[in-house]
Amino acid sequence: MSEQSPKQKSDNLDQNDSATAIDTPATDQAFLNQLRQSIDTVDSRIHTLINNRAKLAQQVATVKKEHVANSKDVSVRNPIFYRPEREAQVLKAVMARNEGPISDEKMARLFREIMSVCLDLEAPQRIAFLGPVGTFTHAAALKHFGKAADTVPMTTITDVFREVEAGTAMYGVVPVENSSEGVVNHTLDGFLSSSLKIIGEVELPIHQNFLVAEHTKVDSLSRIYSHQQSLAQCRHWLDVNFPNIERVAVSSNGEAARRLKNEWHSAAIAGDVAAAEYDLHKLYSNIEDNPSNTTRFLIIGHESIAPSGQDKTSIVVSAHDKAGALIEILKPLSYHGVSMTSIETRPERPNKWAYVFFIDMDGHIQDPNVSAAIADIKPLVKDLRVLGSYPKAVL
């Protein structure tokens, strides 16, 4: 019989970790103890390095506060602690130098949480999102800002805009489009009446779970709660597995999860955040009919963002009411080699039969080709506003 490798020995010991010292060979037990001592040593080093990083973050905060205090520019009242372009660069560097066995994305998520805690030491971040708690927008806020951020649910997208405009929240998170359902019009309309900028984006794969509570009697299920879109996204799976149970549409997946607290005969369809928030059990995971379904979210704030190296720029354009107006707008993008990633149309209120175009393009406003294209578009339209240049989603 061939001799086992150290890893095989370790795996076998972990599977029988409850065995007594008498049942476990002394040599293997000694090897396991050695591995654990090595892990403890590494943990200690990680602990020290994380605290060192946190101290450096505190020093950054001190420098920023002193800079603002000594600034002669009266318009600069508060230092900016959250720098999305810097965080995007750090996360991309983490993924580029990662050698495994942890995947690039999982390693970046670990660093995201370390960065979140360090930012909280510099200045606690209050983030408004379209609620309630447990929605996919909540999940997007946690994915982008980390769990150390103070995430606050808002009732409507308009409320998120108002919260950020008033300065009660530093930033907001709102959905803008879904790969299956299309654009979120309320978010686009929010920019028409707000001066806020887009400072970042989040792309979130939408995975639906079939959730039950600890007290749920699975054999007696009579209804399933979820948002109308989630029910639609899981229609085929429900038809096959629970064809005779009532499907009840509610205001959000978070609300669906919340309802299970007081009902023993109901289930809910929602994401991982809702399951964790309401302490629910995932009876079935990833039940969506389209496994590639993804929602894009926007981060809104006040400041302009410096280039990160991989950016998008969003503009809103009010066109003249004439034939060929849209073609005129798009020609400068082609001429300057700017790739348009999306275009959406919305009514230009209060004008009747007038429209505005929301255009996303690759590149930053400071890139020569992007700035030249926008400069060429301006004389062709009634109005053009740059909604923001911001880092492309990293995770």
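Colleague: Leaving aside neighbours within four places in sequence, which residues count as contacts of His144?

Modeller: They are Tyr82, Arg112, Glu201, Val202 and Ile299, where contact means heavy atoms within 4.5 Å. This is a predicted model, in which local features need pLDDT of at least 70 and side-chain atom pairs count only at pLDDT 80 or more, while totals for chains, interfaces and linings use all residues. Residues are numbered from 1 along each chain as its sequence is written, and side-chain values use heavy atoms, with hydrogens and water left out.

Colleague: Why is His144 called buried?

Modeller: Its relative accessibility is 14%, and buried means under 20% relative accessible area with a 1.4 Å probe and protein chains only (exposed is over 50%, partly exposed in between). His144 therefore counts as buried. The residue lies in helix H5; helices are DSSP runs of H or I with at least four residues, strands are runs of E with at least two, and both are numbered from the N terminus.

Colleague: How many cavities are there, and what makes a space a cavity?

Modeller: The count is 3 cavities of 30 Å³ or more. A cavity is a set of points, on a 1 Å grid over the protein atoms alone, where a 1.4 Å probe fits but cannot get out; its lining residues have an atom within 4 Å of a point. The largest cavity holds about 190 Å³, a volume being the space filled by probe spheres set on the points, which are joined across faces, edges and corners.

Colleague: Which residues lie closest to the centre of the largest cavity?

Modeller: Of its 16 lining residues, the closest are Leu91, Arg112, His144, Glu201 and Val394. Helix H3 (84–97), helix H5 (136–145) and strand E5 (197–205) each give two or more residues to that lining. The largest share, 4 residues, comes from H3.

Colleague: What is the make-up of that lining, for the largest cavity?

Modeller: It divides into 9 nonpolar, 2 polar and 5 charged residues. Nonpolar covers Ala, Val, Leu, Ile, Met, Phe, Trp, Tyr, Cys and Pro; charged covers Asp, Glu, Lys and Arg; the others, Gly among them, are polar.

Colleague: What lines the second largest cavity?

Modeller: That cavity, of about 160 Å³, is lined by 16 residues, with Val176, Leu188, Arg296, Phe358 and Asp360 nearest its centre. Strand E14 gives the most, with 3 residues. The lining divides into 10 nonpolar, 2 polar and 4 charged residues.

Colleague: How do you know whether Pro175 is buried or exposed?

Modeller: Its relative accessible area is 10%, so by the under 20% rule it is buried. Pro175 sits in strand E3. Thr187 is 12 residues away in sequence and 6.9 Å away in space, C-alpha to C-alpha. Beyond four places in sequence, the contacts of Pro175 include Leu130, Ile157, Thr187 and Arg296.

Colleague: What makes the buried residues of H6 one face of the helix?

Modeller: They are Ile157, Val160, Phe161, Glu163 and Val164. Seen down the axis of H6, they fall within an arc of 160°, so they line one face; the arc is that of the directions from the helix axis to the C-beta atoms. Their cover includes strand E1 (126–130), strand E2 (150–154), E3, H7 and E11.

How values were computed:
On a 1 Å grid over the protein atoms alone, a cavity is a set of points where a 1.4 Å probe fits but cannot get out, and a pocket is an open set with protein on both sides within 12 Å along at least five of seven lines; lining residues have an atom within 4 Å of a point.
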